[in-house]
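Thanks for coming. I have one model to go through today, and I will keep to what can be computed from its atoms.

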Amino acid sequence: MSKSKSSETVKVVVRCRPMNEKERAANYERVVSVDVKLGQVSVRNPKTSSHELPKVFTFDSVYDWSSKQVDLYDETFRPLVDSVLQGFNGTIFAYGQTGTGKTYTMEGVRNDPERRGVIPNSFEHIFTHISRSQNQQYLVRASYLEIYQEEIRDLLSKDQSRRLDLKERPDTGVYVKDLSSFVTKSVREIEHVMNLGNQNRSVGATNMNEHSSRSHAIFVITIECSELGVDGENHIRVGKLNLVDLAGSERQTKTGAQGERLKEATKINLSLSALGNVISALVDCRNTHIPYRDSKLTRLLQDSLGGNARTVMVANIGPASYNVEETLTTLRYSNRAKNIKNKPRINEDPKDALLRQFQEEIARLKEQLEKRSGRKKKKRQRRRVGESGEEFVEDGEEEDDEDEEDEDKSGADYWKEQQEKLEKERRAIMEDRSLVAEDKQRLLKEKEKKMDDMRKEKDASELLAAKVKAMESKLLVGGKNIVDHTNEQQRILDLKRQEIAEQKRREREMQQQVECQDEETLELKETYSSLQQEVDIKTKKLKKLFAKLQAVKSEIQDIQDAHIKERQELGQTQNELTRELKLKTLIMENFIPLEEKTKTENRAFFDEEDDTWKLRPITRIEDDQRMMTRPVSAVGYRRPLSQHARLAMMMQADIRYRAENIMMLELDMPIRTTKEYEGPVIAPKVAAALEDALRDEDEIQVDAGGLHSSLGLSPTGPKSGRPKTGKKSSTPTSAHSPSGSGHPLYPQSRGLVPK
Ligand code: ADP
Ligand code: MG
């Protein structure tokens, strides 16, 4: 690919999938025919009259049902990925009705090398390219996101409930804030990232098929490459590859939907119709406003549509007759996209290159490590000075006989040696009986501290070294980090395949050109020998042109029909929305107080970033703070005072200005003149009678007549033959208690107070 900075058009290819089992079983007719050589697809509409000619569309290349994944890759996608490796931005869109092979084209069958899609094939391509590179450093990272109902979800983040925002920076353009990206070092690693995202994609979707047909999935690979330029400086190029599996292009029905359902349907369509509008606006030269901001998808992929990127759009279609409407819509949609002009350029030395940050960080860490080892060396030198005769006292430091060659010893050896030495010294102190216990303790402590310090330093150094190593391992260098498994023959084969693909492409282009020129030049060359011949030839030509005219006319009719349909649908949506708006207005006018309404209106503002209306918080922070600080006049006083009052207070003891000298006293509580309520006191007699009357029947015992007389007991005794109830030893007895003798069968009262 050339490194030209001139504009180039979006490349559009069409792929028709084979009939599936169901279609074959139902004996559906095939209405799509594909001319691979000419790059033409023709569709016959079975519903219209039979004499109508099939609709023909010409594209950059077309693939029929027998096309292989690898053919598509070599002819169409490989050049694009190659240019991403050179530092261009690249985008691949898969567009089409659900079930026509978008996901098959992008991902394919994961574990089958024959049926792998563009994404896995590009992994292989990228890492093979890096492994074969020379004098270049690469950093590859991957992100994966999904747009569903105008909400962005990071498919690689742990928290799948979070929604991300789009932000814009003047230098780098639109980006997804907080989108995670993983640095990958091999095909296996990046495949793992893709699988992880795919798993997350299905999480939370009740019906995976339905979900994937309503959401857009974008896999992003960023490739940074650093190379020494002719100026002796390192230059970094950054290429970004967006692999987009769009939502199904079939219209989501909005008819009859209301409220949430309507909103959902409207939102699902939004990104795709916005994409269509952007495409239309881009190809219409009169248009100056491109509605990128209408949807998240178009905003995020702004560069891929008319900007700094190379773009390939794959339009996927099905061959069966019942899909003919959708097939035609897809072909028209992509036919328009052919005319979009992009302005790709190599992204050289962008400010936010991660590779540059990595390189700088590695350099910094290395320098730190260097410093550490420098200190180590110095230490040793210091010791050597001591050795050479000077007085050099360091607690129990033993003489060591290191020589120059010791410098070369590896760090690990050095640390080990140091540790052993300290251990030996420690033991020596322990065994040294000449030392006083206290001294010994102190020395031991010091040694221990030293050992600890040393260990810490060692750990720190090791950590640093590990960090440097880890970071360096992320930067890929050809022939070292990745082993190229393919041999030379394979490489040559690859090259040949590429050449063949290129050849095919050129052939097709030439064929298309020949077709075009044929008609124009026919007339110029021809001389007629007779009038009759002229008439014949001209009639033939007329027929040909007439057929063409008819085709164009029917195309116009079709497009008009499509527009009418779309307008009707838009009208319907508008009606629904108007109705909802009317309802809300009605509620507002009848149930919301006017002042509340004004307040809310004042608080409302339009957030450009989010494209939505929002409400300001009720209390603004500035107000709060003003409330919190005391007025200047009140500083130091209990209440605001005027300058005059303060002066007057100082000058004279005028009561008027004594506000500050008021004493604070407790409240004087009045003396109480009322009493607490006490319940009425019942006379003991009445109480006893009451108790008796309220007692249960079976508790009453009947005294045998004259018993008490024989016993000679007074009926007022505490144990009056009722041991069950005789709990209280001093039960009051009723004065009126009938004496036992008088009423022998009358139940005796329990414990009456003796009179
Ligand atoms: P989409 O993503 O557009 O909804 P899929 O990629 O899921 O459609 O394809 C639907 C079915 O058709 C899948 O089972 C897939 O394997 C099959 N299919 C699509 N395209 C092809 C093709 N070119 N060759 C063979 N099978 C295909
Ligand atoms: Mg799909």
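I will start with conventions, then cover the chain as a whole, the ligand site, and a handful of individual residues.

This is a predicted model, so local features need pLDDT of at least 70 and side-chain atom pairs count only at pLDDT 80 or more, while totals for chains, interfaces and linings use all residues. Residues are numbered from 1 along each chain as its sequence is written, chains are lettered from A and ligands numbered from 1 in the order in which they are written, and side-chain values use heavy atoms, with hydrogens and water left out.

The chain first. It has 755 residues, and 34% of them count as buried. Buried means under 20% relative accessible area, exposed means over 50%, and partly exposed is in between, with a 1.4 Å probe and protein chains only. The accessible surface of the protein chain is about 48500 Å², and carbon and sulfur atoms own 53% of that. Those areas come from the Shrake-Rupley method with a 1.4 Å probe; for residues, only the protein chains shown count as cover.

In secondary structure, the protein chain has 19 helices and 19 strands. These are DSSP runs, numbered from the N terminus: H or I of at least four residues for helices, E of at least two for strands. Of the contacts in the protein chain with a separation of 6 or more, 69% are between residues 24 or more positions apart. Contact here means heavy atoms within 4.5 Å.

How many disulfides does the structure hold? The count is 0, where a disulfide is a pair of cysteine sulfur atoms within 2.5 Å. On individual cysteines, Cys16 is buried at a relative accessible area of 1%, and Cys225 is buried with a value of 1%.

Next, the ligand. Around ligand 1 we find Arg15, Arg17, Pro18, and then Gln97, Thr98, Gly99, Thr100, Gly101, Lys102, Thr103 and Tyr104. The criterion is that one heavy atom of the residue lies within 4 Å of the molecule. By class, this shell has 2 nonpolar, 6 polar and 3 charged residues. For the classes, Ala, Val, Leu, Ile, Met, Phe, Trp, Tyr, Cys and Pro are nonpolar, Asp, Glu, Lys and Arg are charged, and the others, Gly among them, are polar. Helix α3, residues 102-106, gives the largest share of the shell, 3 residues.

For Thr103, an N or O atom in the side chain is 2.6 Å from an oxygen atom of ligand 1. For Tyr104, a backbone N or O atom is 2.7 Å from a ligand 1 oxygen atom. On its own, ligand 1 has 560 Å² of accessible area, and the protein covers 66% of it.

Asn316 is in strand β15, residues 310-317, and counts as buried at 1% relative accessibility. Leaving out residues up to four places away in sequence, Asn316 touches Arg15, Gln97, Thr100, Gly101 and Lys102, among others.

Now Tyr138, in strand β8. Is Tyr138 buried or exposed? At 1% relative accessibility, Tyr138 is buried. Its side chain makes a polar contact of 2.9 Å with that of Gln136 and one of 3.3 Å with that of His129. A polar contact is a pair of N or O atoms within 3.5 Å; within protein, one must be able to donate a hydrogen and the other to accept it, and residues adjacent in sequence count only if both atoms are side-chain atoms. Beyond four places in sequence, the contacts of Tyr138 include Cys225 and Leu475.

Two loop residues have backbone angles to flag. Gln149, between β8 (136-148) and β9 (151-154), has a positive phi of about 50 degrees although it is not a glycine. Asp349, between β16 (341-342) and α10 (354-387), has a phi near 45 degrees, again positive in a residue other than glycine. Asp349 is partly exposed, with a relative accessible area of 32%.

That is the end of the list.
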